[in-house]
Amino acid sequence: MSFTQDSRELRQFVVRGAPPTVYYIPAFISDEEEAYLLQQVYQSPKPKWTQLSGRRLQNWGGLPHPKGMLEERMPGWLHTYCQKISSHGAFDGKTANHVLVNEYKPGEGIMPHEDGPLYHPTVTTVTLGSHALLDFYMPVGRLEGDNDDTVAALEEDRHLFSLLLRPRSLLVLQDDAYRNLLHGIGARTLDALTGKVLNLHAAEAKPGETLTRGTRVSLTIRHVPKVLKTKLLLWRK
């Protein structure tokens, strides 16, 4: 099975109406796997957590940097899923080597952003614990009438569509969806579902529903192409 656009096996998971290419795979992991992963996240040493405005996170595999990521050992519980997702061709034959573990409590979110050029142009996300509503936006400067003298339009003016991410699902963003759009999560405790949520059927939801958020943990699994090997750095000293 491959995450390439000509994959017949994955065609059923392509989100229709979204820009190329978005895959949403419900029940990618089992209830038991979800419980195991949450246990591992919360058993991680306290120094692994970094508190940010609106969420806290763990960084595994190294710190991505334009000059190269100094590679760190990936723990076995994450390595398994790096291998699993990579084996399906998500990173064009390469193996994921970086994971961000994000914890979002009800009312927390993340501003619209892009993942940028430090990564292979694919991002994969496993959702644990609770749902999320991932919103996609046109970047500033792309709308007709944008100019340098204008203050950025309100987010809702740039909002294109959303995706409902259920627990145990896998989301894969590639191509235009990765390179040309911003994505973020609103700081809310409730998510009202509208027709702009493109994967309602796959996520077993309907327009008009309102979902109450719990605490969500996401595993953002990516490949960093530029890596500095520790042994190489020691040899150069």
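**Close-ups of a predicted model**

**View 1. Ser218, a buried residue.** Ser218 has a relative accessible area of 2%, so it counts as buried (under 20% relative accessible area; exposed is over 50%, partly exposed in between, with a 1.4 Å probe and protein chains only). Ser218 sits in strand E14; strands here are DSSP runs of E with at least two residues, helices are runs of H or I with at least four, and both are numbered from the N terminus. Leaving aside residues up to four places away in sequence, Ser218 touches Leu100, Val101, Asn102, Tyr104, Thr125 and Val126, where contact means heavy atoms within 4.5 Å.

This is a predicted model: local features need pLDDT of at least 70, side-chain atom pairs count only at pLDDT 80 or more, and totals for chains, interfaces and linings use all residues. Residues are numbered from 1 along each chain as its sequence is written, and side-chain values use heavy atoms, without hydrogens or water.

**View 2. E14 beside E7.** Strand E14 (residues 216-222) and strand E7 (residues 122-128) run antiparallel, joined by five bridges. Look for Thr125, whose bridge partner in E14 is Thr220.

**View 3. The open sheet.** Seven strands line up as E1-E10-E7-E14-E5-E3-E2, with antiparallel pairing (a pair needs at least two DSSP bridges). At the edges are E1 (22-25) and E2 (49-52), each pairing on one side only.

**View 4. Helices on the sheet.** Helix H1 (residues 31-43) packs on the sheet, touching E2, E3, E5, E7 and E14, and its direction makes about 90° with that of E14. Helix H2 (residues 76-87) lies across E3, E5, E7, E10 and E14, at about 60° to E14. Angles run from 0 to 180 degrees between N-to-C directions, using lines fitted to C-alpha atoms, for helices over the stretch in contact.
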